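User: I would like to go through this protein model step by step. Please start with the terms.

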Amino acid sequence: MPVTRKSFAPLSPVAVKGDVIVMTKPFGKELAGRLIEAGGSDGIAHLAGPPHRKQQARKMDMSDITRIEPGAHFAAATGNGRTLYISGQVADTQDGSLEVQTREVLAKIDELLKKGGSSRSKLMFVTVLLPHIKDFADFNVVWDEWVDRDNLPARATYEARLAFPSLRIEIAAVAEIG
């Protein structure tokens, strides 16, 4: 479907020139979704703003999403060709120490990174959940041995109650594919 002024009439302020949509204010998810749906003749809605904020929205269908180890309620990881999202991983050895559980969880993350076409060096963001924040320093000892020191990801660590009292850690991650 060609992009037209009518396609975006209720979404002012929007100006359309050919297949270029000029936005003068930030747009939310709803507008971004409509831009993708309305893609130009090449299936792409081209967005133009101030010179430093040019963006491009790619038309995507659900077949572009890869699900790794899907389970009853969620997949262990999902990818869209560019980004890999790893669900919170916990240890199978629930009676193990923090060190044992952390090593097991990091090994699971390594395996999911590999299955998703990524690696430790491509990690962008990691979320760590600890039921006891007092374990933070002990966790960092194992983390520092595992993480790619030349490509450190952003990371957030929270104290949080986990699904079972015997769990000592849960880790979720986002990585670039490729």
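Analyst: Buried means under 20% relative accessible area, exposed over 50%, and partly exposed in between, using a 1.4 Å probe and protein chains only. This is a predicted model, in which local features need pLDDT of at least 70 and side-chain atom pairs count only at pLDDT 80 or more, while totals for chains, interfaces and linings use all residues. Residues are numbered from 1 along each chain as its sequence is written, and side-chain values use heavy atoms, leaving out hydrogens and water.

User: What pLDDT does the protein chain average?

Analyst: pLDDT is the predictor's confidence in each residue, from 0 to 100. Of the residues, 65% score at least 70. Over residues 1-25 the pLDDT is below 50. Where pLDDT is low, the predicted coordinates should not be read in detail. The chain average is 79.

User: Is Gln89 buried or exposed?

Analyst: Gln89 has its place in strand S7, a strand being a DSSP run of E with at least two residues, numbered from the N terminus. Its contacts (heavy atoms within 4.5 Å) beyond four places in sequence include Val105, Ile109 and Ile171. Because its relative accessibility is 9%, Gln89 counts as buried.

Note on methods
Helices (H or I, at least four residues) and strands (E, at least two) are DSSP runs, numbered from the N terminus.
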